[in-house]
Amino acid sequence: MTIAAKVLDTLADRLVVPGYSKLGYALRRRSWDPLPPDALRGKRVLVTGANSGLGKATAAQLAALGATVHLVVRNVDKGAAAREEVARRTPGAELHVDRCDVSSPASVREFAEAFLAEHDTVDAIIHNAGVLPPERTETEDGNELTLATHVLGPFLLTGLLLPALRRAESGRVVFVSSGGMYAQKLEIDDPQYRAGTYKGASAYARTKRMQVVLAQLWGRRLSGDGIAVHAMHPGWAATPGVTDSLPGFAKIMGPLLRTPEQGVDTAVWLVASDEAGRESGRFWQDRAMRPAHYLPFTREQASDRDRLWKFCAERTGFTP
Ligand SMILES: NC(=O)c1ccc[n+]([C@@H]2O[C@H](COP(=O)([O-])OP(=O)(O)OC[C@H]3O[C@@H](n4cnc5c(N)ncnc54)[C@H](OP(=O)(O)O)[C@@H]3O)[C@@H](O)[C@H]2O)c1
């Protein structure tokens, strides 16, 4: 990238709207090298929440690069419909639909056990499944829903699949976070969002912050295993998640929203590129590392990060 392009890229990121919308994508993609068409041939990749929006677009791009893709979904009928769609776009792709409700530790354990019984290796896991509930909701296990879906489920799934990830040549784990996390600090005193008035958007952003911290923590722990762990944010993309959960935002931003394909480019690149394998624990957007913080009050202490790790281990009953 030239110096002028770097300056423009950083400016777009700091001004938010240009960087997160399709303008940022159009500006940045000019300096990207295309991934080799067979970049993921022979690789097995899991995508959670792959029946809709960004997850489905991710599955399609991975398949187009030759990967065997597992669409990990809570509703297998929707998963089968997504598989048909991906198969039409990439005839001959090897696609599996696996049932897993990532907000349920029992379901995650059941899925991981079945997966490990069938497969020795997983090359990458993309933690994409996401929710933005209007009201505070608890799962059967007593966990607040965004926490269960974005944090506890991915923590447990990563941990349970470690034996298979370790067998990969260059294992990757990607958390699909959100730029909304920039407004939140790591909320470790009240991770279940019991205090104060619940706001879905705040719960969402708090748990997206936790994903960025978890990527750092896993990244450090797994660096000796040759596994790279990253978080990324897709910018703002037109998906059912955005149009249903944030109709006002989708209406105002409509013409500027990215396509799902543009939104997932970086998640796919983090799995497929050699460059992303040389780093770990980073936060990315549009194939570039981004700061984890812009606002000073969002910075956490190392002791808070340790508390998050312990909390996840306690709530999932899994100590890596
Ligand atoms: N679109 C954006 O602009 C944007 C921006 C920032 C971050 N993101 C992140 O990108 C990810 C995908 O969002 P999207 O916009 O594509 O939304 P979406 O269209 O609503 O897709 C969300 C997917 O997650 C699945 N899911 C939710 N809870 C699940 C669970 N417990 N177990 C398994 N799957 C579950 C949904 O399955 P069902 O169909 O069964 O509900 C759906 O397939 C999310 O993590 C979101 O936070 C999106």
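Predicted model: local features only at pLDDT ≥ 70, side-chain atom pairs only at ≥ 80, totals over all residues.
Trainee: Why is Tyr-193 called buried, and where does Tyr-193 lie?

Mentor: Buried means under 20% relative accessible area (exposed is over 50%, partly exposed in between, with a 1.4 Å probe and protein chains only), and Tyr-193 has 6%, which places this residue in the buried class. Tyr-193 lies in the loop between strand S5 (172-176) and helix H9, where helices (H or I, at least four residues) and strands (E, at least two) are DSSP runs numbered from the N terminus. Its phi is near 50°, a positive value in a residue other than glycine.

Trainee: How many aromatic pairs does the structure hold, and why is the pair of Phe-111 and Phe-115 called tilted?

Mentor: The structure holds 11 aromatic pairs. The rings of Phe-111 and Phe-115 have centres 5.9 Å apart and planes at 50°; rings of Phe, Tyr and Trp (its six-membered ring) pair if their centres lie within 6.5 Å, and planes under 30 degrees apart count as stacked, over 60 as edge-to-face and the rest as tilted, so this pair is tilted. Both residues lie in helix H6 (residues 105-118), four residues apart, about one turn of the helix, and both are buried.

Trainee: What makes the pair of Phe-155 and Trp-218 tilted, and which parts of the chain does the pair link?

Mentor: The centres of these rings are 5.4 Å apart and the planes stand at 45°, so the pair is tilted. The pair links distant parts of the chain, with Phe-155 in helix H7 (residues 145-160) and Trp-218 in helix H9 (residues 200-222), 63 residues apart. Phe-155 is buried at a relative accessible area of 0%, and Trp-218 is buried at 0%.

Trainee: How do you know that Glu-300 and Arg-305 make a polar contact?

Mentor: Their side chains are joined at 2.8 Å, and a polar contact is a pair of N or O atoms within 3.5 Å, where within protein one must be able to donate a hydrogen and the other to accept it, and residues adjacent in sequence count only if both atoms are side-chain atoms. Glu-300 sits in the loop between strand S8 (288-289) and H14 and is buried, with a relative accessible area of 12%.

Trainee: What makes the span of H14 close to the expected one, and which helices do its buried residues pack against?

Mentor: Helix H14 (residues 302-316) has 15 residues and reaches 21 Å from its first C-alpha to its last, close to the 21 Å expected, since the expected span is 1.5 Å times one less than the number of residues. Its buried residues, including Arg-305, Leu-308 and Trp-309, pack against H6, H7 and H9. H14 is followed by Gly-317, whose phi is positive, near 70°.

How values were computed
Residues numbered from 1 in each chain as written. Heavy atoms only, no water. Contact = heavy atoms within 4.5 Å.
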